[in-house]
Amino acid sequence: MDIADLRDRILKQDRRALARAITLVESARPDHRAQATALLDELSKAGKQSLRIGLSGTPGVGKSTFIESFGMMLTARGLRVAVLAVDPSSARSGGSILGDKTRMERLSRDRNAFIRPSPSQTHLGGVARRTREAVALCEAAGFDVVLIETVGVGQSETVVAEMSDLFLLLLAPAGGDELQGVKRGIMEMADVILVNKADGELKSTAMRTCADYSGALRLLRKRPQDPDGFPKAMTVSALEENGLSDAWGEMTTLTEWRKQEGHWAYRRAAQAQFWFHEEVRQGLLARLEQGDAPQLLSKLDAKVASGDMTPGQAAKEMLDRLS
């Protein structure tokens with residue numbers, strides 16, 4: 001693969017080149033990993049940045065519907081939008097449906113939008129292992145906004161906050177009370193909470209849920225990266241496209257404040273450090289599949305299963321051999 005040609009085509013906003021590059025970074029083959037690293041290094045020199053927005057929520061809350069309505073609103077304003085949707089992989093077969101483009105039929109036809117579904121491959125945290133690199137590729141391709149839709153698993157789904165500038169949490173009406181709102185985990189990571197489906201018979205319920213979470217947010221410890229009034233809860237209707245402009249206005253207000261106060265640059269630097277440590281951890285785990293390590297691991301496995309060694313003893317011997 002000609003990395004220089006692929007780099008040039010991505011910088012010229014070639015959508016096919018972008019899709020091919022994302023496939024490259026998602027590959028686990030050693031030669032592909034080397035090419036992906038070289039490509040990302042070249043593209044980083046361009047210095048392009050997008051607004052990265054992570055979006056999480058429980059399954060069925062309307063994430064795909066919201067992203068389509070929200071994305072259509074942004075493209076109507078002349079912005080280029082990329083959507084990276086992570087689909088859960090089966091623990092049995094390893095397969096994924098990857099049906100997000102089918103759900104976002106209107107947005108998938110928009111020339112200013114790019115949608116790429118990817119399997120989670122059982123990676124924990126709600127995103128795929130290489131989603132961060134796919135975000136970097138979309139930035140290099142000149143997209144103004146990159147939306148990262150997570151699997152949608154619950155309170156532990158916080159890894160997306162380590163690759164986004166804004167973290168949105170989408171909730172359904174009657175999705176909890178004040179106690180649910182002050183629970184640690186995903187709630188304290190959110191920058192804006194959006195109560196979706198605020199239409200029809202659910203509108204009054206959505207308003208009450210929004211009020212509950214607004215009260216709960218005031219009980220959380222204030223974060224240095226937030227101006228007064230943030231994080232905040234709002235109601236939206238992705239179906240009727242109500243409240244989307246107001247939500248975008250709050251997002252841009254928060255983004256500009258963070259840039260002016262230096263939190264934007266600081267956060268991006270901290271995220272780079274986080275992913276450096278994560279790559280080191282993954283590299284160390286990969287060593288368990290190289291050389292004589294698999295045979296030793298299997299041998300120690302049998303000793304632990306038979307009770308001849310404790311898990312702690314076996315782990316110490318394994319780590320001593322690897323060092």
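Trainee: In this predicted model, what share of the contacts between residues at least 6 apart in sequence join residues at least 24 apart?

Mentor: Good place to start! A contact means heavy atoms within 4.5 Å. Among contacts in the protein chain between residues at least 6 apart in sequence, the share that joins residues at least 24 apart is 76%.

Trainee: How should I read the numbering and the values?

Mentor: Residues are numbered from 1 along each chain as its sequence is written. This is a predicted model, where local features need pLDDT of at least 70, side-chain atom pairs count only at pLDDT 80 or more, and totals for chains, interfaces and linings use all residues, while side-chain values use heavy atoms, with hydrogens and water left out.

Trainee: What percentage of the protein chain's residues is buried?

Mentor: Buried means under 20% relative accessible area, exposed over 50%, and partly exposed in between (1.4 Å probe, protein chains only). Of the 323 residues in the protein chain, the buried ones make up 46%.

Trainee: Why is helix α7 described as largely enclosed by the rest of the structure?

Mentor: Helices (H or I, at least four residues) and strands (E, at least two) are DSSP runs, numbered from the N terminus. Helix α7 spans residues 131–140, and the buried residues there include Val135, Leu137 and Cys138. It is largely enclosed because the buried residues, out of ten, number eight.

Trainee: Is Phe276 buried or exposed?

Mentor: Phe276 lies in helix α11, residues 263–286. Its relative accessible area is 52%, so Phe276 is exposed.
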